[in-house]
Amino acid sequence: MLAAYWHCFLGVGGREWRRFVQQRTRFFSALVRPLLWLVVFAAGFRAVLGISIMEPYGTYIVYEVYITPGLCCMILLFNGMQGSLSMVYDREMGSMKVLLMSPLSRPFLLLCKVLAISLVSLVQVYAFLAIAWGYGIRPPLVGLATAMPALLLVAMMLGSLGLVLANAVRQLENFAGVMNFVIFPLFFLSSALYPLWKMQEAGPWLYWLCANNPFTHGVELVRFALYGRLALEPLLWCLGLTVLFASVAVFTFNLQRGQGLARPG
Amino acid sequence: MNTSIQAPHAPMLEIDEVEHRYGARCALAGVSFALARGGFHALLGPNGAGKSTLIGLMTGLLRGQAGEIRIDGHSLNRDPRRVRRQLGVVFQQPTLDLDLSVRQNLLYHASLHGLGRRLARQRCDRELARQGLEARAGERVRQLNGGHRRRLEIARALLHEPALLVLDEASVGLDAASRQALNEHVRALCRERGMTVLWTTHLLDEIAPDDNVVMLCAGSVVASGRADALCRRTESRTLQDAFRRLTTLQDIPAEERC
């Protein structure tokens with residue numbers, strides 16, 4: 001029976017990988033977006049935002065170094081949402097029915113889907129880190145290894161959140177609007193582009209929003225892991241939120257049974 | 001995988017007092033019938049009769065509200081995963097991934113049923129050969145015509161060797177020649193492999209006189225039995241006439257059916 005689950009995971013993962021390979025523009029846009037931030041925006045912001053010595057960095061750092069973990073998480077965020085968009089697309093195009101006719105458990109099928117999307121995201125993050133390395137952003141080599149589980153967890157958290165949204169969105173056309181209300185607040189109200197203490201200067205409510213943003217926990221987990229350090233509090237937040245989002249995704253997935261999947265007649 | 005052995009005379013499909021509503025609208029009003037093992041069975045009904053609702057319930061894509069469905073002796077309410085293992089379905093709406101190749105679509109389905117790579121490849125080859133699609137295995141589904149896509153969906157539905165094959169208005173959208181070819185192909189499957197097939201349609205020219213027929217109208221079963229016997233019973237010369245007579249008697253508003 002375990003072998004059946006393994007074969008299923010390989011099948012779902014293989015399909016996500018083939019989709020990714022076939023959609024080369026998706027790969028390039030996933031790379032170009034953070035690279036633009038790194039090369040163009042960061043150059044401008046560097047002059048405005050001085051970064052003092054802070055954890056986990058042992059010395060003064062340039063702005064590009066600061067935003068690299070946030071940009072890694074940006075790739076995970078966009079990919080997680082792209083994955084959920086593909087769920088809505090599958091539902092509209094009918095191929096979701098093929099997944100639902102599997103005799104294996106539906107929570108497992110969803111987990112496979114999220115894990116497969118997350119692994120594809122990891123490939124893109126490391127492609128970005130390789131280019132950033134060439135640009136001069138060089139975290140310790142061991143950090144590149146320790147960041148992997150952190151990146152995977154954050155990808156799972158954001159992928160599960162994407163599934164919750166996919167279950168909530170009835171039609172493909174509504175998806176773009178929902179994404180604007182999710183991706184941009186998550187990204188900009190986080191520690192991805194500016195440290196939290198900078199937000200404290202801007203105002204207490206803005207600081208509160210940033211400090212409690214799930215994306216902030218993800219960015220901080222990756223930031224510390226990229227320098228071989230464990231950030232316990234963000235780790236616990238990410239674990240808890242992943243379980244929460246995944247549970248809500250499974251629950252709402254079961255709830256929507258029959259809505260849009262089978263037509264009356 | 002199937003640990004229980006069913007008696008050879010036990011029905012393959014049992015629909016027992018199944019009701020279903022969409023809000024105030026009643027789609028199925030206490031539908032009951034059974035299909036014997038083996039052979040070609042047809043579920044007939046005009047548009048809106050409740051055919052797709054019944055298929056939705058049988059496949060578990062719709063949540064059951066009342067009544068029971070058993071496939072190969074297994075209750076859908078109590079053991080839905082085992083039921084899904086026994087069921088091969090070709091949906092009315094195409095469900096193939098157009099950007100994957102013919103073989104990739106089949107292997108994806110096989111993996112969702114937990115089949116190992118080697119076994120899946122063997123079965124892919126076997127089903128593609130049966131459907132005459134082996135030469136197209138590497139092509140993207142987007143390149144296939146409607147008839148071949150339907151054949152591919154049948155090949156896919158048979159990969160996990162189901163006990164019951166359900167085709168929900170599978171011939172819709174095909175030209176007359178492809179429709180006939182598909183129909184003959186499914187009948188050949190019944191003859192050669194002893195399969196039980198449930199073919200739903202509103203196109204009566206797809207039905208042969210010796211087919212077992214369940215006629216659904218306004219959410220209720222209005223007749224069942226061999227097509228030629230139904231004609232005799234209703235004193236009709238053709239199945240079309242029998243269908244018209246039986247279905248015009250059932251013009252009940254959806255709100256008053258259940």
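Predicted model: local features only at pLDDT ≥ 70, side-chain atom pairs only at ≥ 80, totals over all residues.
Residues are numbered from 1 along each chain as its sequence is written, and chains are lettered from A and ligands numbered from 1 in the order in which they are written.

In chain A, the axes of helix 1 (residues 2-22) and helix 5 (residues 106-135) come within 9 Å and cross at roughly 40°, the helices being DSSP runs of H or I with at least four residues, numbered from the N terminus, and the axes being lines fitted to C-alpha atoms over the stretch in contact, with angles from 0 to 180 degrees between N-to-C directions. Helix 1 and helix 5 of chain A are therefore oblique to each other, since angles under 35 degrees count as roughly parallel, over 145 as roughly antiparallel, 65 to 115 as roughly perpendicular and the rest as oblique.

Helix 3 (residues 63-93) and helix 10 (residues 214-225) of chain A pack at an angle of about 125°, with their axes 9 Å apart, and these two helices are therefore also oblique to each other.

In chain B, helix 8 (residues 239-248) has B:Leu239, B:Ala242 and B:Phe243 buried, a residue being buried if 20 or more other C-beta atoms, placed from the backbone, lie within 10 Å of its own. Seen down the axis of helix 8 of chain B, the buried residues fall within an arc of 100°, so they line one face of the helix, the arc being that of the directions from the helix axis to the C-beta atoms.

How values were computed: Buried ≥ 20, exposed ≤ 12 C-beta atoms within 10 Å, placed from the backbone.
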